[in-house]
Amino acid sequence: LVATGFRPECNGPFPVAVSSHGSPANAAERARMGRYLARAASREFLRRGYLVLLPMRRGYGDTGGPWAGHYSTCAAPDYARAGEEAALALLAAIAYLRALPPADAGQVLLVGQSAGGFASLAAASHNPPGLRAVLNFAGGRGGNPRAHPGEPCGAEQMALTMGRFAQRIRVPVLWHYAENDQFFGPAVVRRWYGAFEQAGVPGRLVMQPPCGHDGHARFGAPSGVRIWLPVVEMFLLEAGVAFAAGPSAAQ
């Protein structure tokens with residue numbers, strides 16, 4: 001796996017945010033991704049003393065190779081298998097942290113957007129050592145804003161998968177979505193969160209009002225930071241996870 005790391009300028013050890021990318025619609029776009037940097041979001045974690053690790057999963061960008069996140073067909077999606085395959089990359093990244101002297105492998109956040117949010121939930125269901133919380137931004141699979149905006153294929157299969165993952169998760173999870181998400185509409189998200197909530201996992205669903213044409217990519221957009229950052233600060237404070245703002249850090 002190819003990964004990019006950003007670290008604060010001060011001395012460690014640092015808590016770690018493992019940040020996970022989404023999934024473009026086709027193979028050509030996946031190959032053109034290069035490296036995932038999420039600079040605006042990464043900068044906010046750096047300012048709070050976090051080392052940020054951004055792995056590229058198999059089949060994406062500079063990692064390349066066979067696509068591990070394929071969920072079969074829209075008519076009969078196998079989201080559980082796709083999630084488990086995606087989780088392998090994040091579990092490998094967390095294991096790698098133990099060999100990094102600046103990293104505090106006992107203080108880990110999983111952070112993901114879209115398919116990366118779904119991968120983060122799947123990885124959290126394995127309860128990797130040191131995991132403290134999950135930040136799921138617009139997580140899911142099966143969305144197609146051109147063919148069926150707001151209505152992903154296999155939404156009920158996804159609800160079942162979310163529920164199964166939740167049965168094994170032991171850390172708090174933030175679900176952060178937008179009402180005008182063109183991949184996963186609010187009614188679908190609430191069904192997914194309901195299945196997740198039934199497992200008794202501590203969590204919170206935040207459905208932000210519309211802003212712009214499509215709220216799906218709000219986490220990665222520089223303009224989206226002011227929207228999600230206060231929610232994350234409050235969520236992590238309530239979860240007892242350190243997230244205090246500090247001076248700007250170089251990347």
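**Notebook: sheet, helices and pocket**

I started with S5 and strand S6 (residues 173-178), which pair in the parallel sense over four bridges. The model is a predicted one. Looking along S6, I found His176 standing opposite Phe137.

Next I traced the whole sheet. I noted an open sheet of seven strands with mixed pairing, in the order S1-S3-S2-S4-S5-S6-S7. S1 and strand S7 (203-208) are the edge strands, each pairing on one side only.

Then I looked up the helices lying across the strands. Helix H4 (residues 115-124) lies across S2, S4, S5 and S6, and runs at about 135 degrees to S4. H7 lies across S4, S5, S6 and S7, at about 155 degrees to S5.

I turned to helix H2 (residues 39-47) and asked which of its residues are buried. I listed Ala40, Ala41, Ser42, Glu44, Phe45 and Leu46. The cover over the buried residues of H2 includes strand S1 (3-6), strand S2 (14-20), strand S3 (51-55), strand S4 (103-113), strand S5 (131-137) and helix H7 (225-239). Just after H2, I noted a positive phi of about 85 degrees at Gly49.

Last, I checked the largest pocket, which holds about 670 Å³ of space. It is lined by 33 residues, and the closest to its centre are Ser23, Pro24, Ala25, Gly143 and Phe183. By class, I recorded 15 nonpolar, 14 polar and four charged residues in the lining of the largest pocket.

Technical notes:
Residues numbered from 1 in each chain as written. Predicted model: local features only at pLDDT ≥ 70, side-chain atom pairs only at ≥ 80, totals over all residues. Heavy atoms only, no water. 1 Å grid on protein atoms, 1.4 Å probe; cavity = no way out; pocket = protein on both sides within 12 Å on 5 of 7 lines; lining within 4 Å. Points joined across faces, edges and corners; volume = space filled by probe spheres on them. Nonpolar A, V, L, I, M, F, W, Y, C, P; charged D, E, K, R; others polar. Buried < 20%, exposed > 50% of the residue type's maximum accessible area, 1.4 Å probe, protein only. Helix = DSSP H or I, 4+ residues; strand = E, 2+ residues; numbered from the N terminus. Contact = heavy atoms within 4.5 Å. Pairing = 2+ DSSP bridges. Axes fitted to C-alpha atoms, helices over the stretch in contact; angles between N-to-C directions.
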